Amino acid sequence: MATFTKTLLSGSTNGRPILVVATTSPGTPVHTAVSGSSSLDEVWLYAHNSSASTVKLTVEYGGVSAPTDVFEINVGAEGTGLVLVCPGVLLQNSLLIKAFAASASVVTLTGYVNRIA
């Protein structure tokens with residue numbers, strides 16, 4: 001029987017939002033998936049934009065090859081709230097999630113991981 005353990009994003013300090021500073025690849029580190037292939041990380045990721053303009057966010061999900069490893073989303077201007085970026089997408093084998101935005105230091109990422117063993 002599988003067990004689920006809710007954990008913080010590895011790029012977060014004590015669960016705090018991760019500020020996306022990078023504007024190009026490689027992006028700001030967000031999470032490193034569980035090692036090996038016997039467990040999975042189910043990643044839930046939300047973005048918030050503090051600027052007055054919409055900002056394009058690119059999430060590198062385990063690699064940098066578009067379109068297979070890259071999610072792109074426009075995050076609405078301040079007041080939009082949290083925008084779902086990754087709805088429980090699975091990752092393993094110590095693959096990395098990184099992110100960059102069209103404007104530096106205005107988008108933050110929050111979320112959690114359900115580790116499935």
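A residue counts as buried when under 20% of its relative accessible area is open, as exposed when the value is over 50%, and as partly exposed in between. Keep these cut-offs in mind for the views below, which show a predicted model.

**View 1**
Read along the sequence, the pattern is β-β-β-β-β-β-β-β-β. The radius of gyration is 14 Å, close to the 13 Å that the globule rule gives for 117 residues, so the protein is as compact as a globular protein of that length. Its C-alpha atoms fill a box of roughly 45 × 25 × 20 Å along the principal axes. Of the 117 residues, 38% count as buried. The protein exposes about 6000 Å², and carbon and sulfur atoms supply 56% of that area. Among contacts between residues at least 6 apart in sequence, 76% join residues at least 24 apart.

**View 1. Four strands line up in an open sheet.**
Follow the order E3-E8-E5-E6 to walk across this sheet, whose pairing is antiparallel. At the edges are E3 and E6 (70-75), each pairing on one side only. Neighbouring strands here are turned by 20 degrees against each other on average, ignoring direction. As a reminder, strands of a sheet pair through backbone hydrogen bonds, either parallel or antiparallel. Now look at one pair: how many bridges join E5 to E6? Six bridges link E5 (residues 55-61) to E6, and the two run antiparallel. Within E6, Val 75 is the residue that stands opposite Val 55.

**View 2. Nonpolar residues gather in a core.**
The largest nonpolar core has 24 residues, and those touching the most other members are Val 30, Leu 45, Leu 57, Val 59, Val 107 and Leu 109. Which elements give two or more residues to this core? They are E2, E4 (40-49), E5, E7, E8 and E9 (107-116).

Find Leu 82 in the loop between E6 and E7. Not counting residues up to four places away in sequence, Leu 82 touches Tyr 46, Ala 47, His 48 and Thr 110.

Most residues other than glycine have a negative phi, and most peptide bonds are trans. Asn 14, in the loop between E1 (4-7) and E2, has a positive phi of about 60 degrees although it is not a glycine. With 70% relative accessibility, over the 50% cut-off, Asn 14 counts as exposed. Asn 93 lies in the loop between E7 (83-91) and E8 (96-101), and its phi is also positive, near 60 degrees. At 42% relative accessibility, Asn 93 counts as partly exposed. Finally, a cis peptide bond joins Ser 25 and Pro 26, with omega about 0 degrees. Pro 26 lies in the loop between E2 (18-20) and E3 (28-32).

Notes: Residues numbered from 1 in each chain as written. Predicted model: local features only at pLDDT ≥ 70, side-chain atom pairs only at ≥ 80, totals over all residues. Heavy atoms only, no water. Buried < 20%, exposed > 50% of the residue type's maximum accessible area, 1.4 Å probe, protein only. Pairing = 2+ DSSP bridges. Axes fitted to C-alpha atoms, helices over the stretch in contact; angles between N-to-C directions. Contact = heavy atoms within 4.5 Å. Core = buried A, V, L, I, M, F, W, Y, C linked by side-chain atoms within 4.5 Å. Rg over C-alpha atoms; globule rule 2.2 N^0.38 Å. Areas by Shrake-Rupley, 256 points an atom, 1.4 Å probe, with all protein chains shown as cover.
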